[in-house]
Amino acid sequence: AQSVTQLGSHVSVSEGALVLLRCNYSSSVPPYLFWYVQYPNQGLQLLLKYTSAATLVKGINGFEAEFKKSETSFHLTKPSAHMSDAAEYFCAVRSNQGGKLIFGQGTELSVKP
Amino acid sequence: GAGVSQSPSNKVTEKGKDVELRCDPISGHTALYWYRQSLGQGLEFLIYFQGNSAPDKSGLPSDRFSAERTGGSVSTLTIQRTQQEDSAVYLCASSPNPQARNEQFFGPGTRLTVL
């Protein structure tokens, strides 16, 4: 069975500081991994995706993630946090049965001025 | 272009009533998914439609939940005899070609409150 674990339900950083949101996956097949962001009262917006090409994936808004097979991880980073980054972030793995997404529990990012 | 749209944006109903939630996917997208987002359970898959294939209903939590997709486009999620535990945000997503590992595009969701 495939699964995703996000370590830390809430992360708080200062504006300008490094953002690191952790995601570990479990999959018996090569995974396709996604990071989505959800702003209050909105749907999910794709930040970036890993589909077995480059292991370092760059996304929107300055975010990037690195796929590490040996660590079964796909952590999301951003060098310098901005107030507008405050949102909930979801890591997901694409199921090999029908393409549904299996989500982690989400990490709420707060950015302090 | 237009994204995925959902209606209503908010729905308040009384326990025991039936509700219908609507999803309009992006034009040309063959795959359509329903998810539920609730405080206790996070984001859960409910049902998946792909073209003319039989839907994957493996995520529906009970037989009170059903969904249909007419003409390969609009989808309706129906919850019969609503219960308080059905209160959640129901998200719809569409994808152009899941076999090509495309991402899913999400609508803004319908917030359902069962009193």
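## Basis of the description

The model is predicted: local features need pLDDT of at least 70, side-chain atom pairs count only at pLDDT 80 or more, and totals for chains, interfaces and linings use all residues. Residues are numbered from 1 along each chain as its sequence is written, chains are lettered from A and ligands numbered from 1 in the order in which they are written, and side-chain values use heavy atoms, with hydrogens and water left out.

## Sheets

Strands of a sheet pair through backbone hydrogen bonds, either parallel or antiparallel. Strands here are DSSP runs (E, at least two residues), numbered from the N terminus, and two of them pair if DSSP finds at least two bridges between them. In chain A, five strands form an open sheet in the order β1-β3-β8-β7-β6, with antiparallel pairing. Its edge strands, each pairing on one side only, are β1 (3–7) and β6 (56–58). Neighbouring strands of this sheet are turned by 20° against each other on average, direction ignored; the axes behind such angles are lines fitted to C-alpha atoms, and angles run from 0 to 180 degrees between N-to-C directions. Five bridges join β1(A) to β3(A), and A:Ser3 stands opposite A:Ser26 in β3(A).

Chain B has an open sheet of four strands in the order β1-β3-β7-β6, also paired antiparallel. Here β1 (5–7) and β6 (65–69) are the edge strands, and the twist averages 15° from one strand to the next. Five bridges link β6(B) with β7(B) (residues 75–79); in β7(B), B:Ser75 is the bridge partner of B:Arg69.

## Nonpolar cores

A nonpolar core is a set of buried Ala, Val, Leu, Ile, Met, Phe, Trp, Tyr and Cys residues joined through side-chain atoms within 4.5 Å. Buried means under 20% relative accessible area, exposed over 50%, and partly exposed in between (1.4 Å probe, protein chains only). The largest core has 27 residues, of which A:Trp35, A:Leu48, A:Phe74, A:Leu76 and A:Tyr89 touch the most other members. Apart from it lies another core of 20 residues, among them B:Ile26 and B:Tyr90.

B:Ile79 is found in strand β7 of chain B and counts as buried because its relative accessibility is 0%. Its contacts (heavy atoms within 4.5 Å) beyond four places in sequence include B:Val19, B:Phe65 and B:Leu112.

## Charged side chains

A salt bridge is a side-chain nitrogen of Lys or Arg within 4 Å of a carboxyl oxygen of Asp or Glu. The whole structure holds six salt bridges over all chains. One of them joins B:Glu103 and A:Lys49 at 2.6 Å, N to O, and crosses between chains. B:Glu103 is buried, with a relative accessible area of 14%, whereas A:Lys49 is partly exposed at 28%.

Within chain B, B:Asp86 and B:Arg64 meet in a salt bridge of 2.8 Å, N to O. B:Asp86 lies in the loop between β7 and β8 and B:Arg64 in the loop between β5 (42–50) and β6, so the pair ties together parts that are 22 residues apart in sequence. By contrast, A:Lys100 is buried yet has no salt bridge.

Technical notes:
Lys and Arg count as positive and Asp and Glu as negative; His and the chain ends are not counted.
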